[in-house]
Structure formats: C-alpha cells, structure tokens
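Come along and look with me.

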Number of protein chains: 2
Amino acid sequence: MDFNEILKQKTAEVQKVIDCYLPEETGHQKTVLESMNYSVKAGGKRLRPMLMQETYRLFGGSDRDIEPFMAAMEMMHSASLVHDDLPAMDNDEYRRGRHTTWVEYGEDMAILAGDGLMVYCFETALKAGGMTKHPDRVLRAASILAEKSGIYGMIGGQTVDVELTDKPIPRDKLDFIYALKTGALLEASMLIGAVMAGASPQEEEKIISIADDVGLAFQIQDDILDVIGDQSVLGKPVLSDEKNHKTTYVTLEGLDRAKEEVKKLSERAIRTLQELPYENPFLEQLILMLVTREK
Amino acid sequence: MDFNEILKQKTAEVQKVIDCYLPEETGHQKTVLESMNYSVKAGGKRLRPMLMQETYRLFGGSDRDIEPFMAAMEMMHSASLVHDDLPAMDNDEYRRGRHTTWVEYGEDMAILAGDGLMVYCFETALKAGGMTKHPDRVLRAASILAEKSGIYGMIGGQTVDVELTDKPIPRDKLDFIYALKTGALLEASMLIGAVMAGASPQEEEKIISIADDVGLAFQIQDDILDVIGDQSVLGKPVLSDEKNHKTTYVTLEGLDRAKEEVKKLSERAIRTLQELPYENPFLEQLILMLVTREK
C-alpha cells in the first residue's frame with residue numbers, strides 16, 4: 001500500500017476515536033453541544049492526534065489510554081479556530097468551505113462553544129485516568145496539554161499575533177508567534193504520545209526537538225505555499241499574505257532562504273528521529289509529507 | 001473574635017493563595033497576562049475557594065495540595081465573568097465599580113484573557129500533582145473541576161440563560177440554569193475539598209446535597225435582594241430584574257415563597273452538615289451568612 005492509502009486509512013481511524021469522545025447533542029444545552037460538534041466535525045487533516053498516536057506507537061505504546069488525549073487535542077485545536085474566527089478577532093465567515101461557527105450559530109453561541117470545547121478538552125483527556133495503569137503519566141500529559149495550549153503556548157502566540165495585526169513584525173516576535181501559535185500544539189501532541197508510552201527524559205528531549213523542527217518547517221511551508229502554491233490544489237486563495245501586508249518568514253527572509261530552512265529543519269527532524277532506538281516508518285513519512293506538502 | 005472579623009482574616013488568607021498562583025506579567029504575551037490578572041484581582045468575596053478550603057478542613061485536610069485548586073477555581077469563575085461581560089453576551093461595561101476587561105483591553109484581548117484563564121485554571125490545578133501523596137485524588141478533583149465548569153456545568157447553564165434572554169423562562173429551565181450556572185461551581189468547590197481530603201463516597205454524597213441546597217438558596221437570595229435589598233448596601237441598582245423583564249424565582253413564585261424556600265434549603269443544608277461526624281463551626285456560619293446576607 002502506498003503512503004497516501006495508509007494515510008487515508010489512519011485518518012479514518014483517528015476520526016473514529018475523535019467521534020467516540022464527542023458529546024451527545026441532547027438536553028437543555030443542545031445548541032452549544034451542536035455548535036461544538038459542528039466545528040470539530042468540520043474536518044481537517046487530524047494531524048495532531050495522528051502525530052500523538054504515532055509517537056505513542058514509536059515508544060511501544062499499545063493501550064487505549066492515549067485515545068482520550070487524541071480527542072482532547074483536536075477539541076483544543078477546534079476551540080482555538082472557533083474563537084480565532086470571531087468578528088472581534090479575524091472576522092472570518094468561511095472555513096473549509098463552510099460557514100464559521102459564529103456565522104452559523106451566532107456570536108454568543110460561538111464564544112460559548114469555544115469555551116465549552118476548551119473545558120471539555122480537559123474533561124475528555126482526564127478520562128484516561130480511569131483507563132490507565134499509570135495515573136502519574138496522565139497527570140503529566142494533562143499538564144503538558146494545558147501548558148502548551150495556554151498563555152505559555154498556543155494562546156500566548158495568538159495574543160502576540162493579534163497585537164501585531166497590520167503592523168510589521170520583527171524576526172524575534174515572528175519566531176515567538178510561530179513557535180507558540182502553531183508549534184506548541186504539535187509539540188504537545190508528540191510529547192504527550194511519548195509521555196503516555198513511558199519514554200525516558202532523554203527520549204522526551206529528542207521528541208521535543210523533532211516537534212519544534214517539524215512545527216517551524218510546517219509553518220514556513222505554509223508561507224511558501226501562499227506564494228508559489230496552486231490555488232486549485234490549496235483550496236484557498238494564494239498571495240493573501242502579500243495582499244494583507246502580513247509579515248511571514250518569506251517576506252522577511254525571501255523565498256530561497258525559506259525553502260532552504262524547511263529543508264534544513266526537516267532533515268534535522270528526521271535525523272533526530274533516526275537516532276532513537278525505535279522505528280516507526282509511517283511517522284517518518286508523515287513528517288516528510290508535512291513539510292513537502294503542496295496543500 | 002466575631003464572625004465578620006474571622007471572615008475578613010480568612011478572605012485575606014485565601015487572597016494570598018490566589019495571588020501566589022497568578023502568572024507573572026512579563027514576556028511577549030504581557031498584555032494577555034495583565035488582562036487575565038486584571039479580572040482575577042478585581043476582587044469579590046472569594047467564596048468558592050473559601051468553601052473549598054473549609055470543606056477540606058472539615059474532613060481533616062491539612063496539606064497545601066488544596067491550594068492550586070483554590071486558585072484554579074477562582075480563575076475559572078473569573079474567566080466566565082470576562083466572557084459573560086463581552087458585547088456579544090451581556091454587553092456590560094462595569095463590574096465591581098471598574099471597567100470590564102473588554103472595555104479596558106479590547107474585545108479581542110478579553111476573549112483571549114478568558115481563554116487564557118480557562119486553560120491556566122487546569123495548568124494551575126494540576127500543579128497539585130507535584131505536591132500530593134494522592135495523585136488519584138488530584139485526577140478526580142481535576143475531572144470534577146472540568147465537569148462542573150463545562151457544558152454539563154457552568155457553561156451549560158450559561159448557554160440556556162443566553163438562549164432565553166428576553167424570553168419568559170419556564171420553571172424547569174430556571175431550575176436548570178440555577179443548578180448549573182451558579183450551583184455547579186459551588187458544588188465543585190465543596191466536592192473538590194472533600195475529595196482532596198479523602199472523604200468517603202457517602203460523605204461526598206452529603207457534601208453534594210449541602211452544596212446543591214446552598215447554591216440554590218444563594219441564587220434565590222440574590223433574586224430576593226433585587227426586590228427588597230438596599231441599593232446603598234448592595235452597591236448595585238435594585239429592581240433591575242423587573243426592569244429587564246427577567247424571569248427569577250421571585251417573579252415565578254412570589255416573594256414569600258422565595259423567602260420560605262431559602263429558609264428551608266439553608267436549614268436542610270445545615271442539618272446535613274451536622275449529620276457528618278466532623279465539625280467546622282466556621283463553615284456552618286459561612287453557609288448561614290451566604291443565604292441570609294444583605295448584599
């Protein structure tokens with residue numbers, strides 16, 4: 001089977017896990033439950049839970065106690081998108097070809113749906129406590145989820161991004177935004193996989209280094225695709241960064257250096273992965289796909 | 001020392017615990033950290049963490065592993081107020097005599113501050129994992145925090161309240177809103193105190209029953225004060241529910257039945273508390289104060 005076939009199959013598997021942890025749309029609070037599920041079900045590549053599961057498998061993890069964390073991670077990611085799209089934030093009306101949550105359910109319900117997802121994310125993750133032989137690992141994994149989603153992670157990056165909207169961004173702040181806004185959840189995903197499988201502190205260090213490289217390369221590739229991408233493949237307009245006067249890695253460093261950087265980062269990530277005394281060929285291919293993708 | 005003196009002292013103690021867990025206002029994301037602390041520091045009675053600590057003490061708890069949960073509870077409560085005040089929600093410009101967070105920091109930053117607090121709430125609570133001899137209790141307490149704050153707790157109640165704004169509310173939905181929007185965090189506070197101190201399942205049941213009675217009585221007393229309260233004591237306008245055509249326990253059942261209900265609920269709560277083979281005279285007085293208060 002070729003990589004794309006396997007990827008399709010694995011995506012379906014991950015999807016099943018997520019579906020299994022979504023709340024039932026019933027009771028007095030039906031509307032908020034519907035609007036939460038509306039955003040999570042909107043689709044996407046499910047990269048974060050997939051990276052989590054594959055890292056878990058890399059370290060020999062074979063239990064189901066990783067699954068609540070996979071669903072939780074996707075909930076946190078969705079929550080951030082629901083709030084990012086709000087009129088007071090990016091004011092986006094469409095995402096993945098559908099109305100954004102606030103357009104579909106109203107601004108008040110979208111605020112509550114994002115809140116609901118953020119909290120349900122922890123309610124879900126902590127279900128692993130009842131499934132595991134390692135409560136200490138669940139505690140650490142939940143702490144990582146909180147730290148990397150919060151003000152020292154994703155939300156922190158989002159804040160700086162919001163503050164610098166329509167302003168030129170110096171390189172140090174751009175690095176901060178990339179590391180936190182995109183990088184933090186990718187790092188958390190891989191690190192939670194490692195922690196739940198019982199990786200050693202040294203192995204955790206390597207996973208963090210891999211995830212940081214992949215996260216940054218992923219984001220720079222995004223910037224590159226905005227310049228050289230094929231609109232029909234991407235499914236969204238190209239050159240939007242330039243039109244919006246947005247500072248990106250490409251506008252700061254130029255296209256050639258951006259491409260070099262992606263190559264350097266992804267090669268280093270793969271090298272570090274190969275230094276580990278375990279193998280997961282699919283994870284290696286997945287990382288390569290992420291940084292060489294055309295959409 | 002009379003009750004008010006002790007209360008003042010205990011409030012100061014609780015305040016110290018909260019302050020100790022607030023994030024430092026430094027780094028690239030300084031603005032969101034400031035706006036988070038702005039809302040938590042706005043004051044209030046700190047009832048939830050106080051109820052938590054006193055319930056913990058009732059069951060013989062004497063460690064500091066309850067403290068992260070006390071601070072976390074106040075963060076979650078503040079987060080909900082920050083989002084409730086937003087223009088798309090209640091559109092309130094003042095709270096406790098100061099500008100609300102969105103007026104002070106902008107709507108986008110207020111959304112992020114609420115998000116930041118919600119996630120930091122769990123980051124903080126989970127710090128108890130590194131301080132406790134009972135990781136299993138920390139896992140359960142964190143799960144209770146998530147459940148009672150989320151769509152099956154506070155956020156669920158808030159959703160129904162938002163949906164029924166400017167509409168008449170039937171009794172069953174009013175009960176649902178009261179139980180969840182106000183009651184859930186009070187219940188979580190007392191239950192987390194019990195769980196962290198190692199209370200038995202039967203003892204937990206009694207605490208839930210007490211907290212439910214106190215939560216409902218507290219809310220009905222709020223409705224009563226809006227009708228018969230003294231504006232200068234309350235520090236906010238009276239008769240605002242009537243002016244806003246808001247359905248409350250008093251508009252549905254009348255003032256006399258409301259007063260009877262508060263009396264019945266608080267007496268039952270105190271009776272249940274006295275059935276427990278432990279004593280905490282301050283907790284008893286605190287509960288009585290909550291339901292007989294004039295502001």
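Below are my entries on ring pairs and on charges over rings.

Entry 1. I reminded myself that this model is predicted. I then looked up the aromatic pairs, and the count over all chains is nine.

Entry 2. I picked the pair of A:Tyr120 and B:Tyr152, whose ring centres are 6.2 Å apart. The planes stand at 70° to each other, so I call the pair edge-to-face, as the cut-off for that is over 60 degrees. Where do the two partners sit? A:Tyr120 belongs to helix H6 (residues 107-125) of chain A, while B:Tyr152 lies in the loop between helix H7 (135-149) and helix H8 (154-163) of chain B, and the pair therefore crosses between chains.

Entry 3. Are these two tyrosines buried or exposed? A:Tyr120 has 5% relative accessibility, so I noted it as buried. B:Tyr152 has 34%, so I noted B:Tyr152 as partly exposed.

Entry 4. Next I turned to A:Phe122 and B:Phe122, with ring centres 4.4 Å apart. Their planes are at 10°, which is why I wrote down "stacked"; the cut-off for that word is under 30 degrees. This pair also crosses between chains, from helix H6 of chain A to helix H6 (residues 107-125) of chain B. Both A:Phe122 and B:Phe122 are buried.

Entry 5. Which charged ends sit over rings? I found A:Arg293 with its charged end over the ring of A:Phe218, 4.0 Å from the ring centre.

How values were computed: Residues are numbered from 1 along each chain as its sequence is written. Chains are lettered from A and ligands numbered from 1 in the order in which they are written. This is a predicted model: local features need pLDDT of at least 70, side-chain atom pairs count only at pLDDT 80 or more; totals for chains, interfaces and linings use all residues. Side-chain values use heavy atoms; hydrogens and water are left out. Rings of Phe, Tyr and Trp (its six-membered ring) pair if their centres lie within 6.5 Å; planes under 30 degrees apart count as stacked, over 60 as edge-to-face and the rest as tilted. Helices (H or I, at least four residues) and strands (E, at least two) are DSSP runs, numbered from the N terminus. Buried means under 20% relative accessible area, exposed over 50%, partly exposed in between (1.4 Å probe, protein chains only). A charge sits over a ring if NZ of Lys or CZ of Arg is within 6 Å of the ring centre and within 35 degrees of the ring normal.
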